[in-house]
Amino acid sequence: MDESTLKTLYASHCGSEPATIEELPSSGSNRRYFRLDGPAGPLVGVMGTILQENEAFLSFDRHFDEIGLPVPRVVAVAPDRMTYLQTDLGDTLLFHAIEKGRQTRVFSTEERDLLVKTIRRLPDFQFAGAKGLDFGKCFPAAEFDRRSIMWDLNYFKYCFLKATGIEFEEDRLEDDFNRMADVLMQSDSSTFMYRDFQSRNVMIKDSEPWFIDFQGGRRGPVYYDVASFLWQAKANFPDSLRHELILEYIDSARRYRQIDTAHFLHTLRHFVLFRTMQVLGAYGFRGYFEKKPHFMQSVPFAIANLRALLAEPFDEYPYLTDMLDRLVNMKQFTDEVAKRQLTVRVLSFAYKKGIPNDPTGNGGGYVFDCRAVNNPGKYEHYKQFTGLERPVIEFLENDGEIITFLDHCYSLVDASVERYIERGFTNLSVAFGCTGGQHRSVYCAQHLAEHLNKKYKVKVELVHREQDIEQTFSPK
């Protein structure tokens, strides 16, 4: 099959051949897309490789278009039904429209609005779209059933797990796979499951989302699509934004069904785990076996999602949870995490010797002035001691000023640490200065470093500059 088929189809539909034909970037499938332009305007030509897959798209697209959902309209189909023309939605993928937010983990108002519009549209496909839809056209499976669940879990096992070289007991893993299938199958499956609902399959036209590539859809539970969209590896959504979008989805879906938020969140968590394993299987196959680097670049993001998910164990799948813990802590994945791990550099210094430079080059962070706190250095008895030693510690704490001062510092620094972790930042500097860099600043820096080490999984580098003391606290 070549481009001449598309030219003929365009000429038949428009009355003249296209003046130009340009192949568009491909996605994960073997389908090929072209933009054909001529006197009748631009259309997108699609060349499929599997007839049943084409038939699924054509059937779903016609149904969705007829009920008013924002999908491209198919305007011409070749006699062999392997090639067709559809309306041109432009070049802007939602994935690219939110690129700045994905890179910084700070999403602008415009980016958030697009995400809200998209997630609120999903229930229309799932509930309204399911009514009157010919599920007999689904390919390769008509519904999300036990067989398809086990296909995806074994896809993960053979295409990703085995490729990493991790050791596991196959029979115990299969037992937990079956337990997971039992849990997932408890969810209602009367709705349309988009299957690959993610930002690369949403086009933005006139500031509104339009939906493409739903040919893999089938009858299935709504949770799968929510998990696919919000935990898409490279979407890189912070947890706060995910939660906001889940609530938007629930509010929109309540137009069709009663939803208990707590139950929804509990069930969704299992689908997030399942979907994450499924996409790792896909990345393994496309990356390890087909040698496509684009997919391997997504693996660290998916592993990060998995690591965060495992912070709360899945008691239903004890062996699987243990094996996944070992997986995410393999050196090939922890090395990548270390590159993006937050390091907080905490310093004490003397103002008379200048504020410390930031060796990371970020030039940010906090500098707290401790000189308002009562100074033990005024008294001869304390001049031989530092803020690390008991006499000075007792003097400062008995006075009480420094406790209140540090509590305020903790609040500010904690808020920044949490946002830095969420946004994937790697360096934060916090410095405490006093007159001589011996008593008050040393006490404050030491206590903040210990506080952060206890509360957060971050690396803390402590430097008492004037005392020539350095200490590193590794994440617990």
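**Stop 1: a helix pair**

Helices here are DSSP runs of H or I with at least four residues, strands are runs of E with at least two, and both are numbered from the N terminus. Show side chains for Leu115, Thr118, Ile119, Leu122 and Gln126 of α5 and for Asp225, Val226 and Phe229 of α8, which make the contact (heavy atoms within 4.5 Å). These residues divide into five nonpolar, two polar and one charged. Nonpolar covers Ala, Val, Leu, Ile, Met, Phe, Trp, Tyr, Cys and Pro; charged covers Asp, Glu, Lys and Arg; the others, Gly among them, are polar.

In residue numbers, α5 is 109-128 and α8 is 223-230; their axes come within 11 Å and cross at roughly 160°. Axes are lines fitted to C-alpha atoms, for helices over the stretch in contact, and angles run from 0 to 180 degrees between N-to-C directions. The two helices are therefore roughly antiparallel (over 145 degrees; under 35 is roughly parallel, 65 to 115 roughly perpendicular, the rest oblique).

The model is predicted: local features need pLDDT of at least 70, side-chain atom pairs count only at pLDDT 80 or more, and totals for chains, interfaces and linings use all residues. Residues are numbered from 1 along each chain as its sequence is written, and side-chain values use heavy atoms, with hydrogens and water left out.

**Stop 2: the sheet**

Next, select the five strands of the open antiparallel sheet, in the order β1-β2-β3-β5-β4 (a pair needs at least two DSSP bridges). β1 (20-23) and β4 (74-77) are at the edges with a single partner strand each, so one side of each has no neighbour in the sheet. The twist from one strand to the next averages 25°.

Zoom in on β3 (43-47) and β5 (83-87), antiparallel strands joined by five bridges. Leucine 43 stands opposite threonine 87 of β5.

**Stop 3**

Finally, select α7 (170-184) and α12 (318-328), whose axes come within 7 Å and cross at roughly 115°. They are therefore roughly perpendicular, and the crossing is left-handed. Arg172, Leu173, Asp176, Phe177 and Met180 of α7 meet Pro318, Tyr319, Leu320 and Met323 of α12. The contact residues divide into seven nonpolar, no polar and two charged.

Methods:
Left-handed = near helix turned anticlockwise from the far one by under 90°.
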